[in-house]
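Here are my notes on this one, written as a walk-through. Keep the picture open beside you as you read.

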Amino acid sequence: MRGEPTDVVHLAAGDDEAHPTSLERPPVDGPAGRAWHGGDVQTLSSRQVYANNWMTVREDRIRRADGTEGIYGVIDKPTYALVIPRDGDRMQLVEQFRYPVGKRRWEFPAGTAPQRADQDPAELAVRELQEETGLLAGRMELIGHLDVAPGMSSQLGTVWLATELTPGPARREHSEQDMRAAWFTMAEFEAMCRRSEITDAQSLAAYLQLRLYDAG
């Protein structure tokens, strides 16, 4: 029988002991106080080139380990929470229009705090689940971490398994007015993946983490 994991939040009992405290990965200092990242890349300078309520874009001038210099464009967004709501063999997904790709996509509920704010990942997971689906979870368990797009973004993600679910009204933001939610069995989910009906990389990665979690 599976032992009680460390990162479990018993929401019905008001247990907040499992909130992760360190999700950021700051660079260590290099020579003369310059930041060195794990791949021996030194940040020489950094400037913000764009910002809105959800993200910032910066351009960094860097020096590689061999001494050559270059630039790196980085999208910075706060850590997000992705939630897998599961009831037995069923999982609930949400579907909405994704403007950058011009198509509607099925995904697990996920999101960040408003105004680029940093929020406790467990609290954010609860908020996103209720906001997008109306579901309240009696138990929320951290089962994994994700890098969104490490070639261009610093954003990190946490993956949560939500169980002991109680239905309620969704509280979607105005920008989510076209969103709908539906239940799918795990077999249906996998069939949709094979037909390329589910292509969201974060949802696919989270499902792999769920299968590994189930395998023990």
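1. Let's start with the pocket. The largest pocket has 43 lining residues, and Lys 77, Arg 98, Pro 100, Glu 107 and Gln 155 are the ones nearest its centre. A pocket here is found on a 1 Å grid over the protein atoms alone: an open set of points with protein on both sides within 12 Å along at least five of seven lines, a 1.4 Å probe being used for fit, and lining residues having an atom within 4 Å of a point. The space inside comes to about 1,600 Å³, where a volume is the space filled by probe spheres set on points joined across faces, edges and corners.

2. Before going on, a word on what you are looking at. This is a predicted model, in which local features need pLDDT of at least 70 and side-chain atom pairs count only at pLDDT 80 or more, while totals for chains, interfaces and linings use all residues. Residues are numbered from 1 along each chain as its sequence is written, and side-chain values use heavy atoms, with hydrogens and water left out.

3. Strands E7 (80-87), E8 (90-98), E9 (103-107) and E10, plus helices H1 and H3, each supply at least two lining residues. Which strand gives the most to the lining? That's E8, with four residues. By class, the lining has 20 nonpolar, twelve polar and eleven charged residues; Ala, Val, Leu, Ile, Met, Phe, Trp, Tyr, Cys and Pro count as nonpolar, Asp, Glu, Lys and Arg as charged, and the others, Gly among them, as polar.

4. Now the overall picture. The protein chain holds three helices and 13 strands; these are DSSP runs numbered from the N terminus, helices (H or I) having at least four residues and strands (E) at least two. Of its 216 residues, 41% are buried, meaning under 20% relative accessible area, with exposed being over 50% and partly exposed in between (1.4 Å probe, protein chains only). Take the contacts (heavy atoms within 4.5 Å) with a separation of 6 or more: 60% of them join residues 24 or more positions apart.

5. Helix H1 is worth a look. From first C-alpha to last, its 13 residues reach 18 Å, close to the expected 18 Å, which is 1.5 Å times one less than the number of residues. H1 is largely enclosed by the rest of the structure, because ten of its 13 residues are buried. Among them are Pro 121, Leu 124, Glu 128 and Thr 133.

6. At its start, a side-chain oxygen of Asp 120 comes within 2.9 Å of the backbone nitrogen of Ala 122. That is a polar contact: a pair of N or O atoms within 3.5 Å, where within protein one must be able to donate a hydrogen and the other to accept it, and residues adjacent in sequence count only if both atoms are side-chain atoms. Just after H1, Gly 134 has a positive phi of about 85°.

7. Is Ser 203 buried or exposed? Sitting in helix H3 (201-215), Ser 203 is buried, at 0% relative accessible area. A polar atom of its side chain lies 3.0 Å from the backbone nitrogen of Phe 108. Beyond neighbours within four places in sequence, Ser 203 contacts Leu 82, Glu 107, Phe 108 and Phe 189. Leu 93 is 110 residues away along the chain, yet the two C-alpha atoms are 9.4 Å apart.

8. Val 94, in strand E8, is likewise buried, with 0% relative accessible area. Leaving out residues up to four places away, Val 94 touches Arg 105, Glu 107, Phe 108, Thr 133 and Met 179, among others. Arg 105 is eleven residues along, and its C-alpha is 8.2 Å from that of Val 94.

9. Finally, some loops. Thr 79, between strand E6 (69-76) and E7, is buried at 13%, and its C-alpha is 4.9 Å from that of Leu 156, 77 residues apart along the chain. Gln 115, in the loop between E10 (110-111) and H1 (121-133), is exposed at 57% and has a positive phi near 60°, in a residue other than glycine. Ser 196, between helix H2 (186-194) and H3, also has a phi near 60°, but counts as partly exposed at 49%.
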